[in-house]
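I opened the model to go through its strands, helices, cores and confidence. My entries follow in the order in which I looked things up.

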Amino acid sequence: MLALAIFSPSMIDWPNLDADKLNQASGPINSSLHPPLLIDKYQSLEQYQLQAEQLQLQLWLYRFSGLGLDNKASYYFNNVVPENLHIYRVEKEQAINFVFFRSISNHPGLLGYSYASNSGLRSQKSALKRQKLIDIMHGNRSTAILAISALCIKKDCELTKEEIRKQINSQFNNLALN
């Protein structure tokens, strides 16, 4: 009976009885390029405008404590890609998702995003969930979603894609998740 109480999945969040207090904000954040990202609940959000090469990048860093049922990057209702986004191509490369879209002003644009844990970047929620099981054993619950969008300079978006990849990796390397 004691073993069930100690190892029960419901006890994982026991130290924080009111995890919802960690959710500093919730709901979509607007973007000038596309409909808002659909991240429902998160602990904190950092939003930046970056200038790189000839690109104007919009960066979102959503942080999650991992305490509570919904304060996780892998939470069911957290969908990075906006519902009404006019997508014409999707690619996955090096743990980063690239979504090619038409902006509100009908210009080609690119949204890159990845799920982050202490052990690295993941392109899929399911891979993040598997890694979280290992991370929790080491006392690491925190996760994040890194997302960057920009209008493409050229129609093929290769320069934009390379810069987004570089920025996501750079942001991850500077990210402290504990």
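I began with S149, which lies in strand β9; helices (H or I, at least four residues) and strands (E, at least two) are DSSP runs, numbered from the N terminus. This is a predicted model, in which local features need pLDDT of at least 70, side-chain atom pairs count only at pLDDT 80 or more, and totals for chains, interfaces and linings use all residues. Residues are numbered from 1 along each chain as its sequence is written, and side-chain values use heavy atoms, with hydrogens and water left out.

I looked up the cover on S149 and found a relative accessible area of 0%, so S149 is buried. Buried means under 20% relative accessible area, exposed over 50%, and partly exposed in between, with a 1.4 Å probe and protein chains only. I then listed its contacts (heavy atoms within 4.5 Å). Setting aside neighbours within four places in sequence, S149 is in contact with L33, H34, Q56, L57, Q58, W60, L110 and L111.

Next I checked the cysteines. The structure holds 1 disulfide, a term that here means a pair of cysteine sulfur atoms within 2.5 Å. C152 is joined to C157, with an S to S distance of 1.9 Å. The disulfide is right-handed because the torsion about the S-S bond of C152 and C157 is about 105°. C152 counts as buried at 12% relative accessibility, and C157 is buried at 1%.

I moved on to helix α3, residues 158-173. Its 16 residues reach 23 Å from the first C-alpha to the last, close to the 22 Å expected at 1.5 Å a residue; the expected span is 1.5 Å times one less than the number of residues. I noted T160, K161, E163, I164, R165, Q167, I168, Q171 and F172 as buried in α3.

Which residues does E163 touch, not counting those up to four places away in sequence? I found A52, E53, L55 and L57. E163 has a relative accessible area of 6%, so E163 is buried. For I164, leaving aside neighbours within four places in sequence, I recorded contacts with L57, F98, L110, G112, I148 and A150.

I then looked at the nonpolar cores, each a set of buried Ala, Val, Leu, Ile, Met, Phe, Trp, Tyr and Cys residues joined through side-chain atoms within 4.5 Å. The largest has 23 residues, of which L57, A116, I164, I168 and L175 touch the most other members. Two or more residues of this core come from each of β3 (44-52), β4 (55-64), β6 (96-102), β7 (108-117), β9 (143-151) and α3. Another core lies apart from it, with 18 residues, among them Y42, V80, L85 and L111.

From the N terminus on, the elements run α-β-β-β-β-β-β-β-β-α-β-α. Buried residues make up 49% of the 178 residues. Among contacts between residues at least 6 apart in sequence, 61% join residues at least 24 apart.

Last came pLDDT, the predictor's confidence in each residue, from 0 to 100. The chain has a mean of 79, and 80% of its residues reach 70 or more. Confidence is lowest in helix α1 (residues 2-7), at a mean of 43, and highest in β6, at 95. Over residues 1-19 the pLDDT is below 50, and this stretch has 12 contacts in the model beyond near neighbours in sequence.
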